[in-house]
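Me: I would like to go through the labels used for this model and ask what each one rests on. Please set each value against its cut-off.

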Amino acid sequence: MSVSENSTITMLKEITTTFTCDSISLLDVDTFMVGTYDHRPPVCTIDVDGNEAEVQHKLLPDKTYTFCASACSYIPSPETILFTDRAQHTVYMCDIRSGEGRVITNDKIRAPRGMCASSNGCVFVCSNYSDSIVQLSLRGDVLMAHDVGMYGPRAISVSTDGSRLVVSSLHGQRKIKLFNIVH
């Protein structure tokens with residue numbers, strides 16, 4: 001896809017996959033990290049030529065998820081996969097360089113869904129059942145939970161400069177909330 005100066009979006013290519021995508025993030029300029037459902041393993045990569053690869057990490061659950069039961073995201077630096085398991089109320093942080101990782105459970109993390117990372121190293125996770133955004137460090141420490149005044153936050157993104165956070169909900173709410181991040 002390309003976006004012109006007047007915001008016209010043009011499709012560049014259609015890629016057929018052997019799996020169904022539930023979440024997707026950029027791994028590098030030509031490759032995507034994909035969270036799957038009804039497929040094992042739950043995390044794969046696919047490049048712009050359609051080449052697929054399964055992602056293996058000792059911490060990633062070896063199971064098949066249903067739609068909306070998990071999500072993944074990728075942090076380019078420090079090359080870390082973020083993966084959520086809603087039923088287990090768990091966030092996995094998997095360093096693909098070292099093979100190390102962290103399994104994060106906490107009372108503030110309830111049915112985690114979407115997540116993202118800021119340029120300064122903060123990880124934000126949608127905690128669906130607590131109607132909040134949980135902020136984690138890159139070491140996996142729970143820093144705080146932020147009430148977003150929204151039932152069941154599902155998707156989240158942070159601006160490239162790390163100053164704004166946008167959140168949406170899964171439960172039929174027709175609004176997106178934009179927040180300033182104060183450091």
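**Labels and their grounds**

Reply: In this predicted model, T31 has a relative accessibility of 14% and counts as buried.

Me: Why is T31 called buried?

Reply: Buried means under 20% relative accessible area. T31 is at 14%, so the label applies. T31 belongs to strand β4.

Me: What does T31 touch, leaving out residues up to four places away in sequence?

Reply: Its contacts are L26, T45, I46 and D47. A contact here requires heavy atoms within 4.5 Å.

Me: Is H89 buried or exposed, and how do you know?

Reply: The relative accessible area of H89 is 18%. The cut-off for buried is under 20%, so H89 is buried. H89 sits in the loop between β8 (80-85) and β9 (90-95).

Me: Is D38 buried or exposed, and what makes it so?

Reply: Exposed means over 50% relative accessible area. D38 has 58%, and therefore D38 is exposed. This residue is also in a loop, the one between β4 and β5.

Me: What is the phi of D38, and what is the phi of H89?

Reply: Phi of D38 is near 55°, a positive value in a residue other than glycine. For H89, phi is likewise near 55° and positive, again in a residue other than glycine.

Me: Which residues does the cis peptide bond join, and what is its omega?

Reply: The bond joins R40 and P41, and omega is about 0°. P41 is placed in the loop between β4 (31-37) and β5 (43-47).

Me: In what order do the strands of the four-stranded open sheet run, and is the pairing parallel or antiparallel?

Reply: The order is β3-β4-β5-β6, with antiparallel pairing.

Me: What makes β3 and β6 edge strands?

Reply: β3 (20-28) and β6 (52-54) each pair on one side only, and they are the edge strands. From one strand to the next, the twist averages 30°.

Me: How do you know that β3 and β4 pair?

Reply: Pairing requires at least two bridges between two strands. β3 and β4 have seven bridges, in the antiparallel sense, so by that definition they pair. As for C21, its bridge partner in β4 is T36.

Terms used
Residues are numbered from 1 along each chain as its sequence is written. This is a predicted model: local features need pLDDT of at least 70, side-chain atom pairs count only at pLDDT 80 or more; totals for chains, interfaces and linings use all residues. Side-chain values use heavy atoms; hydrogens and water are left out. Helices (H or I, at least four residues) and strands (E, at least two) are DSSP runs, numbered from the N terminus. Buried means under 20% relative accessible area, exposed over 50%, partly exposed in between (1.4 Å probe, protein chains only). Axes are lines fitted to C-alpha atoms, for helices over the stretch in contact, and angles run from 0 to 180 degrees between N-to-C directions.
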